[in-house]
Amino acid sequence: MEEATHLAERLTSVLIAKIFQEMSLVSKLREDLELIYDELECIKGLLKDTGGPERANCSSTRIWLQKLEDFLNEALDELEDTSQPQSSNYISRYLLGRKIRVLKKKISNIPRSPKYFEFLEGRDATPSSMLLSENSLLNREKATALIVEATTVGMQRDIDKITRLLVSTESSHQIIAVTGMGGLGKTLLLQHVFNSQGIKGFFKISIWVAVSQSFMEIQILEHIAQQIELHDGGGRQPTVEQLRHGIYSHLHGTERPCLLVLDDVWDRHSLEKIMKCFPLRGNNKVMLSTRNQKVAESMGAHSIHQMELLSPEDSWMLFSIHAFPDCHNNDPPVELKELALAIERKCSRLPLAVKTVAASMASVQRLPNVWESTLKALDDVGTIQEDVLPILKLSYDALPNYLKPCFLFCSAYPEDARMNCEYLVQVWVAQGFVNAKETQDPYELGFSYLNLLIDRCMIEFVPYDGNDYIIKYCKMHDLLHDLALSESQKQRCLFQTGTNLEKIPLENCQGQRRISLIKNKIADLDKPIHSPRLLTLLLWNNLPLKSICEQFFNRLKHLCVLDLSQTSIKSLPKSIAKLTHLRALNLSRTYTKKLPRCLSGLLRLQLLDVSWCEELTSLHSGISNNQSLLHLNVTGCKNMVRFPVGTSNLFSLRILGEVVFDLRGNPKNSLKLTHLKGLTLLQQLSVAISSAVRASKQYIWRDGIMENMRNFFFDNRDQNSHVELPEDMAVMKRLNNQCIDFTPESETIDFAPESRNSVSFPNLEKLIIEEFSQLQKFPVLGDKAMPKLQYFRLVNCNQLEGLPQGLDLLNSLQVLQVIGCGERYCFNDLKENGCYCQKFRRDIQVISRK
């Protein structure tokens, strides 16, 4: 039971903190704390040894382990209740002593199972864990996790064939289908073709739609409208008919070749109206993937490409790449060669099974007896042709316990959904999945968890804007999603996403720990949920949802995560003040006009997201009380005229974005640029300037705000301003991502003009400059400039007179993207006889299209 294991670890960490905090307690109280700590260590070991109640051998053990989870939740809640910041030292100490005595009594009253005493007797035995230590996993090379190149082993002929069909001018190839069983790599194939430069150059409009079983027509239409940059202009949510008409008119009104990709199609009838929006004429093409060949035929596919299993040679190559990434030529040690070959053959040459099992084996000890155990486990499951899930479950079972809840939570998202990496990690942290020590940054550790799941092929990154380097979204393969959904149901989770629910199924909510009703049609929350131990409630993308009854939150005291984003709610009931354990509140893209003052009482709140709440005019005035706040997102709140000065007192903030400063007329008692100097822990800052000002005079960075900065986004929105970035930006020693976005009317930019040859940015990995149409030249780059820069993107800087001098000194540069930037000059530097030709001919990706 992974849930109980994490609760035990969280409770242990809280107890350790209390022991250090209350060293002056009487000796009896200290003894009680130590007794509980020792008992929890036994519980944690037992949970890891048994694997949880689902795999326990006897009913008494299963019942006992289930009771443990209930106890651990109660214990954690009671102990955390003594940590209220407003309590005096005497009151806090009294409450702590009382709670510890209650915990000691409760833990001694839990009936012990025979398995418990068996475990105590064997505690000193040699551990038999197959897994490497947690530290070994977390210390793996960062690059192997952050940039995962989707392998095309055994797929190149498929890619070439589909590409030829797409660029063919024959009308008989207008609808092209790729078919085959789940796990063959149909989506991966389509992605490589879709993102290739040849296809992007041939089709002027390219549209990608992930259909899946649970799609809703309006959401697909909205996604298409967004990709073709179709704006309704009214500011209101368009209807299905309006979207159909707008898409039809836009696509029929252009003579440019268009490509529509429909990934993961399950039946024809649901897509008929969407297909009518797309003109099948000239060189326009539709490319689709489906498991069922009859569906492809019913869609009128002119060419059907059946994907096959890997060849034996390609299957072994794929397995060895993932299982032995650190070995020369990916060759296994001699003593493991035969075992590795036998394990690979058990995967039946299905790419998903091969790479998932192989990636799992990469994280276990390279000992023959360990690999023999895996081979025996594979012998016990059925063949791929019968069901692939049992083989995938072996990879899930092999995950470290701290990764399992993170993996299972991904099934709270709809199938085929893109998950925002940053938000996913934040929600993991809020739910206590990330067991950071006091000296660790929880977000950093959370991203390392995500990287480990990527390494094990349990989650995959989604290329952003067709670029494998920009890491923003991830997704889960639908077969792994099925596995996670099945396992999560054993953990008191109710996940019903994309099922067209119009009401919350209250009868099914009782006793649940996590509820996800994402992407439904729920119109109101008129009755409270009777689930007092509910920790997570996800209701985003219920567009009809407008109201929440006053009593709704009364019995949800332990709620940690509440997501109401992409709904139509305008206000929150005052009962939200009851959510004293709330750590994450997401109101993004709602019609919220005002935040209630009672939010200041949510003292554990770590994440507040009100981005793109266009009717929101201000934050709640008591925001300075939310001292636990780590992430505040106000991006896109165009009507927010006042940021409370109290925002500058949120000294724990790691992420702040996007704050717009109108320096011509900020209201009295509102936040000013100079107030930010105290936020010294900021790692990501997004700032926009909306009036003429010399920015270098307004920024006060020298007090330390820049020292921990990793991501810095600067947007100048004024039409006539001369902008200089701060001269002392070089103090940002940890910066690895910088994006500068200017309006087309801006005049110039200088990077630390007084020290151009000494600007180093020693950790900068990504530099993005977009929409700076008046930029003419860069400073000369010195020998020590940006030694870790891997990605450099210039977009629509059409007056640029050439690439920076010294660009060839950037030895770490992997990707250079130049899009719509002074082609007359820039590409002279890159053509055959240009000064950077030899440097970038093979290693650098150059895009000249606008």
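Okay, quick definition before anything else: two strands count as paired if DSSP finds at least two bridges between them. Helices (H or I, at least four residues) and strands (E, at least two) are DSSP runs, numbered from the N terminus.

Some housekeeping. This is a predicted model, where local features need pLDDT of at least 70, side-chain atom pairs count only at pLDDT 80 or more, and totals for chains, interfaces and linings use all residues. Residues are numbered from 1 along each chain as its sequence is written, and side-chain values use heavy atoms, with hydrogens and water left out.

So, the sheet. Three strands form an open sheet in the order β6-β8-β7, with antiparallel pairing. β6 (419–420) and β7 (460–462) are the edge strands, each pairing on one side only. Between β7 and β8 (residues 473–475) there are three bridges, and V462 has Y473 in β8 as its bridge partner.

Next, helix α21, residues 421–430. Is it enclosed or open? Largely enclosed by the rest of the structure, because nine of its ten residues are buried, meaning under 20% relative accessible area with a 1.4 Å probe, protein chains only. Among them are Y423, L424 and W428. At the N-terminal end, N420 is the cap: one of its side-chain oxygens sits 3.0 Å from the backbone nitrogen of E422. Just past α21, G432 has a positive phi of about 85°.

Last one: K404, in helix α20 (residues 404–409). Buried or exposed? K404 counts as buried, because its relative accessibility is 3%. A polar atom of the K404 side chain lies 3.3 Å from the backbone oxygen of D397.

Key:
Buried means under 20% relative accessible area, exposed over 50%, partly exposed in between (1.4 Å probe, protein chains only). A polar contact is a pair of N or O atoms within 3.5 Å; within protein, one must be able to donate a hydrogen and the other to accept it, and residues adjacent in sequence count only if both atoms are side-chain atoms.
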